[in-house]
Each structure stands twice: as C-alpha cells, then as structure tokens.
Amino acid sequence: MKNNFAFIFFLIVSFQSIKTQILPSIEGRIIDDYSGKSLVNVQILLLKEVTKTYSDLDGNFKLNDIKPGDHILEITFIGYESKRLPFFMDKSTETLKLGTVRLKEKYKNEVDQSIIRLNDEDLYENEKGESNSITGLLSSSKDIFLKTVAYEFSPTFFKPRNLGSEYSEVLLNGVKMNKLFNGRPQWSNWGGLNDVLRNQEFVINMTPSNSTFSGINGSTNLLTEASSYKKGIKISYAASNRSYKGRVMASYSSGLLKNGWAYTFSASKRYAKEGFREGTVYNANSFFTSVEKRINDKHRLNFTGIYTSNIRGKSSPNTQEVYDLKDFKYNAYWGNQNGKIRNSRLKNITEPILQLNHFWNINSKTFLQTNITYQFGKVGNSRLDYGGARIIGEDDNQTIIGGGANPDPSYYQKLPSYFLRDIHNPDYENAYIAEQEFIKNGQINWLDMYLANQNSTINNGNSIYALYEDRNDDKQFTINSILLKKINENFGINASVQYQKIKSENFANMLDLLGGNGFLDVDIYANQIDEAQSDLQNPNRIILENERFKYNFNFDASVLNGFVQAKYTTRKTDAFLAVNYSSTKYQRTGLYENGAYSSKASLGKSEVLNFNNFSIKSGVVYKLTGRHIISATAAYFTKAPTLQNSFSNARENNDIVIGLTDEKITAFDLSYNIRHPKINARLTAYGINLKDQTDISFYFADGLTGIENSQTTAFVQEVLIGIDKQNFGLEFGMEIPIISGIKFKSVAAIGQSVYSSNPNLYLTSDDFTEPLNYGEVSLKNYFVSEGPQQAYSIGFEYNSPDYWWFGITGNYFNNSYVNIAPIMRTRNFYLDKDGLPIYDYDEGTAKELLKQEKFDPYYLVNIVGGKSWKINDYYIGFFINVGNLLNTEYKTGGFEQSRNANYNTLLEDKTREKPLFGPKYWYGYGTSYYTSVYFRF
C-alpha cells in the first residue's frame with residue numbers, strides 16, 4: 001500500500017513539474033521585401049503542429065509553448081511567396097528572436113497566372129451533362145505536374161488519372177460545395193472572382209486534409225477570411241477571344257483594422273457578343289463580400305456572401321460531315337434575329353451563397369471551426385420545342401394534330417448525306433442543293449418559326465414552336481464543424497461532421513412562345529390522348545410564358561457525413577489513417593400525373609432511398625534524407641450513387657434504377673520525390689479500380705428488338721448498371737534551374753483507363769410497358785473516353801530580377817478515344833426484329849463496325865509572359881497568354897450516336913460514303929489569347 005501511495009505521489013509531483021515548466025517561444029516581424037512596410041495578418045504556422053498565429057498591425061508575431069527540437073516555421077500570405085524557416089529550439093532558450101522576415105510578392109499571380117481558367121471547353125456539357133472543370137481544382141497546386149495539367153493540358157479535356165471532377169471535392173471555408181445531383185462542383189457559382197479566391201488549400205489525391213476526408217482525386221478549399229487579404233484596391237481589365245471578349249474587375253480590402261474588423265469586396269463583369277465558337281454569347285456578373293470580426297485572441301467570426309449570375313450560349317457537337325462543310329468553329333445552336341445573334345441553348349445560372357464561420361482557438365493545441373451555409377437559386381438550360389399542337393374533334397373522338405419541322409440546321413435530313421443515303425440511286429441534285437443551302441445559311445431560322453406560329457394563330461391554333469428551359473431551383477442548407485487537436489509532439493487528430501439538406505424543384509419553364517398565343521401541354525408522339533397528357537390532373541392545358549409544363553417534380557435529399565483522421569509524425573516518418581462514414585437519403589415527389597404512367601408511378605412520393613457508406617485511407621511518408629522522400633497511400637471508398645443516376649426517368653415517374661447499389665473504389669499510389677536546389681521532381685505510379693457505377697442516357701434508337709407489335713424505334717432511357725473501370729499509370733514532373741532566372745520544366749502523364757467488366761443494360765420508354773433487358777454489354781477492354789490518356793510537356797521559363805517573365809511550352813497528346821454507344825454492344829445488335837439472329841450476320845464485319853475510334857495525336861505550343869512595375873506606392877502589371885500558337889486543329893472529345901442500334905442499320909450507314917449518324921465531335925480552340933492589365937494601390 002505504501003508503495004502505491006509513493007507511486008501516486010511521484011506521478012502528481014511529476015505532472016506538476018511538467019505543468020509548470022515554461023516552454024520556449026519564437027517571435028519576429030514580417031515586412032514587404034520591396035517597400036519595407038509591415039504586413040498584417042500573415043499566417044505563421046508551426047508545421048506538424050496545430051499551433052499558428054497571425055502578424056499584428058505592426059507585422060509582429062509570437063508563438064508560445066514550442067517544445068525543444070527541430071521545427072519548421074511556414075509563413076504564408078496571399079499574393080506573396082511562402083517561406084519555410086527551419087530552426088532548432090534549445091531547451092535553455094526562453095525566446096528565439098527571428099528578427100525581420102521579408103516576403104516577396106508573387107508578381108506572376110498578380111497578373112492572373114493563378115486564375116481559375118474556365119473556357120468554353122471547361123464548361124461544355126456533353127450528352128450526359130458532364131463538364132470538364134478540373135482546371136479550377138488544380139490551379140492552386142504548387143506541384144509541377146498538377147500545375148502543368150491546369151495550365152497546359154486542360155484545353156484538351158485531359159483529366160489526371162482519368163477521373164472526372166466528381167472524384168474531387170471543392171470546399172468553401174471547409175464546407176463541401178459539390179452538387180448532390182451529379183457529384184460535381186458548379187464552378188460558375190464563384191466564377192469571375194479571381195482576386196478574392198487566390199487563397200486555397202490544395203490536397204493532392206489521397207493525401208490527408210485538415211478539413212475533409214477528401215475525394216480520391218484530392219480537394220481544393222477556398223478560403224475567404226476578410227483579414228487574410230492584402231489591404232488596398234485593385235482594378236483590372238482582361239481581353240480574350242475564348243469564352244468572353246472582355247472582363248472588368250475591381251476589389252477592395254481594408255486589412256485588419258484596429259477595432260478588429262476587416263472587409264473585402266469584389267465585383268466583375270465578363271461579356272461577349274460571340275466567343276471563339278460561333279454564336280456563343282456570354283454575360284456574367286459577379287459580386288463578393290467578406291466581413292470579419294476578431295472578438296478576441298480566441299474567437300473570430302466571418303461572413304461571406306457570393307452572388308454570380310452567368311448566362312452563356314452553348315456550342316453544338318457535330319458530325320465530321322458538318323465540320324467539313326463549315327469549320328471547327330461552327331455551332332448549330334444559333335441564328336440571326338433582326339440582325340442580332342440569338343442562341344437557342346443558353347445556360348443561365350444564379351445560385352447565391354451565404355456563409356457564416358466561427359473560428360475558436362480553444363487553446364494552443366485545439367482549434368474548432370463551425371460553419372453555416374445557405375445556397376439557393378436557379379439553373380436553366382434552354383432549348384427549342386417544335387412539338388406544338390392543337391386538339392380537334394370532341395369527347396372520345398379527339399385527336400392531336402400539329403408539330404413542325406426540326407429547326408436544327410444540322411438535322412440529318414437537311415444535309416447532303418441524306419439525299420445520298422441510297423447508295424444504288426443517290427439523289428445528287430438535291431444533295432448539291434442541300435450542300436449549298438447549308439454552306440450559305442446553316443443556322444437557326446428564327447423568322448420562319450415566328451411566321452409558322454403567326455399562321456397557326458390565324459387558323460385558331462397554338463404555337464408550333466416555342467423556347468423553353470429545363471429548370472432546377474435548389475435550396476440547400478449545410479452546417480458543419482471541423483476540429484483540430486494536437487495530442488502530443490508526434491500525434492494529432494482532426495475530425496469533421498457535416499449535415500447537408502437540399503430541396504430541388506425540377507420543371508420545364510416556358511420562356512418564349514415566339515409570337516404565338518399559347519402552347520398545348522401534350523406529347524404529340526403519344527398514341528392516345530390520355531397518354532399524351534403531361535398532367536392528367538389538368539388535361540389539355542394551354543401554357544403561357546413563365547409557366548411550368550411538361551414535367552414538374554421535387555427532389556429531397558440529405559447527407560450526414562463525418563470523418564476522423566489521425567496523423568503521426570517523426571523526424572523520418574509521417575503517417576496517417578482516416579475513416580469516413582456517410583448516410584445519404586433521396587426521395588422524389590411527383591407533382592404531375594403523367595399520362596403514360598399510373599398515378600402511383602408518377603404522382604406523389606417515391607420510395608425513400610437510403611445509402612450508408614464507409615471509406616478508409618492511409619498513407620506513409622519516409623524521408624530517406626531531407627531531399628529524397630518516398631510516400632505511399634492506399635484507400636477503399638464506397639460512394640452513394642448520385643441523384644442523377646438513381647431514378648431511371650425522374651421527369652416522368654418514380655421508378656428507381658433496378659439493381660441500384662453503391663460504387664466501390666480501391667486505389668493506391670507510390671511516389672518518389674526529389675527536393676534539391678538543382679532539381680525538383682516527382683515520379684508516381686498509381687492504380688485505381690472503380691466498381692458498380694451506374695449511368696443513364698436518353699436518346700432516340702432505331703433497330704430495337706423485343707418491343708410489342710414489332711416496333712423497332714423509340715425514344716428510350718438507357719440504364720447501365722455494374723460498370724467497372726480500371727485506371728493505372730505513371731505521373732512525372734520535373735523542374736531544373738539551368739542558369740540564373742531560367743528554368744526547364746518537363747511533365748509526363750502515361751496512363752490507361754479501360755472498362756474492366758461487362759455491365760448490364762436495360763431500356764425504359766413511354767413506348768413500351770416493361771423494361772427491355774438486353775443483358776450484358778461487351779464493354780470489357782474498351783477504352784474510357786475521358787480525354788487523352790497520354791500527355792507530355794516540356795518548357796522553359798525565364799524570370800527577370802526586373803519583374804518581367806516569359807515562358808514557352810510544347811505539349812504532345814495521344815490515346816484519345818470516342819465515347820462508345822453501349823447498346824451497340826448488346827445482344828440487340830445481332831438480333832432481328834423477330835428476336836432471332838440476323839441471317840447474314842458476320843462476326844468479322846461486326847468487329848470492324850464496333851472498333852473504337854482513336855483520335856489522331858497532336859502537338860500544342862503555348863507562350864505566356866508578363867511584366868510588373870512599382871511606381872511609388874502604385875503597382876501596374878501586364879499579362880498575356882497565347883494558346884495553340886500553331887493553330888492546330890484537334891478533337892477534344894466525341895461520342896457515337898446510339899441511333900443505329902443493330903448490325904443491319906449500322907452496316908448500312910457505315911457503307912455510305914457519308915454516314916447519316918456518324919459520331920459527333922468537339923474540337924479544341926485554334927490560336928487563342930488571353931491578356932490582362934491591372935492597377936493596384
């Protein structure tokens with residue numbers, strides 16, 4: 001017993017001696033290297049610790065309670081080059097005085113080198129609604145490989161590791177902003193705010209993050225604390241021939257005031273009557289405000305408000321026949337109206353963001369951040385409807401009549417190939433007439449549609465043509481908390497919990513009756529008048545402008561997500577382990593009773609979908625020396641399917657995808673890094689397996705089998721389940737200083753992405769009662785179409801001590817493939833309409849017909865440069881970038897049309913000199929430029 005008391009007494013005395021021990025501190029002052037002025041609110045972080053502080057109004061800082069040993073102090077400030085200062089803290093030292101630390105401005109960043117460079121290719125939506133927004137995810141990275149991807153590879157639709165943006169996370173002050181509908185960030189929500197979105201925390205691939213579990217392809221955290229911006233005013237103007245022609249931007253930051261307040265404001269306008277592509281109008285306004293109050297040393301509040309309104313004209317994918325008749329700038333979506341460009345496919349996005357943050361420094365080892373975010377607004381995608389009709393007859397003898405010709409100028413029946421479709425009896429005369437008409441005009445004829453509607457009105461009819469938009473109006477609420485806790489010198493944890501709830505209203509909205517007096521809300525292609533009704537509760541409705549029609553339903557979704565991460569650090573080794581759990585719920589509520597489905601199938605609430613997901617990842621970094629580092633990470637993810645891929649035809653019914661399940665992902669990578677004054681390089685090998693993906697497509701198909709009454713055509717929803725993919729490859733990046741100011745850069749991405757299984761496919765449609773199950777799709781070993789799978793870059797950069805700089809890069813791209821049509825790889829391909837095998841089916845011919853098209857490789861040369869001046873307390877800068885200097889024509893992507901669904905129809909089409917339904921492509925920019933000038937004071 002005495003021994004026990006002695007031991008307890010010894011512990012108490014030891015604890016008290018440790019508790020009362022005063023640990024050393026470090027202090028210094030931060031100033032601008034050029035002007036010598038104090039820099040306020042510079043972040044000073046003790047790496048591998050939670051401990052950090054900020055410089056005061058005189059630039060001074062002090063960090064307390066630093067344990068003896070080796071440390072690294074990281075000093076960061078927006079617009080300045082970061083500094084890392086290694087130091088040794090002796091246990092006998094009370095205060096280590098660094099003296100004055102000078103920070104140099106990043107003049108390149110002042111002239112828009114680090115802007116989020118979204119162009120028309122970045123924002124396009126293909127037939128599945130996918131967009132390439134990877135540029136913005138990578139622009140803040142200091143890694144030479146990822147910087148090259150952002151600035152050199154992005155115009156080609158290259159995606160690192162062949163993963164789309166849904167596998168990366170974008171956060172605003174620690175709050176995940178990826179859309180629940182498709183899993184991707186909507187970059188237009190903060191577009192045009194380059195000056196105030198430069199402060200970003202970037203996490204590469206599966207490495208650890210303090211704020212989130214992160215996606216398999218990393219995360220970007222946009223930081224907007226008002227006091228983090230440099231005090232002053234900046235005004236800039238940019239000119240370009242890409243998405244927009246001009247941009248005006250102004251920003252103001254108060255800096256941290258003596259009363260603890262800080263303010264930052266920014267506004268911009270981007271505009272173009274026509275971008276690089278024909279008819280691509282652009283009109284965007286952006287506003288930003290951030291207000292911070294430092295209550296005391298422990299508590300800070302920050303409010304961020306973002307409002308961006310973006311309207312842009314889309315550009316069409318086209319067949320090679322169309323491009324040959326026009327050129328690679330051709331766009332079928334527009335036409336002249338009264339001498340002005342009018343685009344029928346406008347994307348209109350307005351989704352303001354309001355966010356309140358609370359930062360709490362509980363003590364030197366514990367930090368808690370809590371965020372509340374509310375986002376609301378609308379996204380609209382306009383298009384023409386040429387199915388206007390009227391009802392004749394009475395009671396049971398009513399009939400729907402009407403409809404107009406397809407107004408698409410590149411519609412296949414308007415092209416020369418249509419008149420040459422009979423290879424034994426081609427109509428050369430009409431083919432020539434069609435060719436000349438398309439070359440001479442070849443755009444939407446708005447006047448003809450107005451005249452058709454006026455004639456219909458005179459005859460007591462409704463509009464035949466109309467312009468409407470597919471709308472979704474979202475209201476999303478998010479609350480989360482992020483905890484950072486240092487346990488001891490080597491061990492720390494961080495964790496986060498987030499709850500997100502969204503209500504999404506989805507409907508068609510009538511924009512313009514094009515001179516008519518109403519639009520009959522029915523499906524003109526339906527067989528019976530009841531089946532034609534969009535809403536049986538309100539049959540035969542006449543729709544006016546700004547009214548809902550066609551479809552009307554709500555999505556309700558919620559996600560509860562939490563993660564915890566442990567990090568262990570020693571002088572030679574860093575390691576981490578992170579786990580994540582999420583609970584996801586989806587439900588559809590139909591507000592219309594669609595005539596093609598029973599009331600229960602379309603009207604009212606669907607079944608609630610529940611998904612519980614678990615993910616884990618781990619990694620280790622081993623420092624062979626301070627300059628040679630080996631790292632490895634591995635992860636297993638499960639992901640809930642997106643809202644987009646959970647309901648087979650959400651616009652019309654409550655049907656849930658048959659066999660819907662979670663996506664499973666396994667991944668690893670192994671890297672070797674060299675950090676040396678004469679070379680900075682990284683070599684990484686990676687492997688990723690994606691299992692049980694789901695994909696839904698919509699199209700008109702010809703050559704179908706298994707439909708009642710031997711019907712062979714229908715507008716269908718194609719549901720592909722159980723998709724597996726395998727991605728693997730190498731990433732290499734290297735920078736070598738050659739002589740003073742000149743740097744050589746080299747990057748290589750050598751990857752392969754293929755389908756690794758044969759998924760199942762079924763079709764649904766208004767034209768048949770039960771799903772058509774076509775079984776396995778022979779996709780295994782076909783290449784995934786996600787841009788070039790191999791990309792190489794070499795370049796030189798010169799930085800003058802007089803603050804001007806210049807760079808040139810040459811880039812080579814290869815192994816790009818067209819996106820294949822799955823239905824042509826099912827049993828439907830070799831079956832006749834009677835369900836029996838096609839009589840003269842030839843496997844050798846079929847193999848050639850189904851061979852995946854590989855795009856030609858190509859080279860791109862880009863140049864970039866800039867200059868900055870300081871005149872007293874004023875700064876002036878200039879920047880220019882010229883892309884594709886040699887004006888190379890190249891395809892960035894494309895897809896097979898699914899219309900030719902079986903062997904006979906595809907063989908007949910490919911036998912023609914000019915196929916009717918060849919693949920559709922997107923082309924990259926020719927020679928393009930972006931230049932800007934700024935004035936800061």
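The entries take the helix, then the sheet.

I am working on a predicted model, where local features need pLDDT of at least 70, side-chain atom pairs count only at pLDDT 80 or more, and totals for chains, interfaces and linings use all residues. Residues are numbered from 1 along each chain as its sequence is written, and side-chain values use heavy atoms, with hydrogens and water left out.

**Helix H8.** I took helices (H or I, at least four residues) and strands (E, at least two) as DSSP runs, numbered from the N terminus. H8 covers residues 428–440, which is 13 residues. I checked its length against the expected span (1.5 Å times one less than the number of residues).

Next I looked up burial (buried is under 20% relative accessible area, exposed over 50%, partly exposed in between; 1.4 Å probe, protein chains only). Ala431, Ala434 and Phe438 are buried in H8. Down the axis, the buried residues fall within an arc of 65°, so they line one face. The arc uses directions from the helix axis to the C-beta atoms. Tyr428, Glu429, Tyr432 and Lys440 are exposed on the other side.

What do the buried residues of H8 pack against? I found helix H6 (320–325) and helix H7 (416–419); contact means heavy atoms within 4.5 Å. Just after H8, glycine 442 has a positive phi of about 65°.

**Sheet.** I read the order as E9-E8-E11-E10, an open sheet of four strands with mixed pairing. Pairing requires at least two DSSP bridges between two strands. E9 (175–176) and E10 (200–204) are the edge strands, each pairing on one side only. E8 (residues 169–172) pairs with E9 in the antiparallel sense over two bridges. Leucine 171 has lysine 176 in E9 as its bridge partner.
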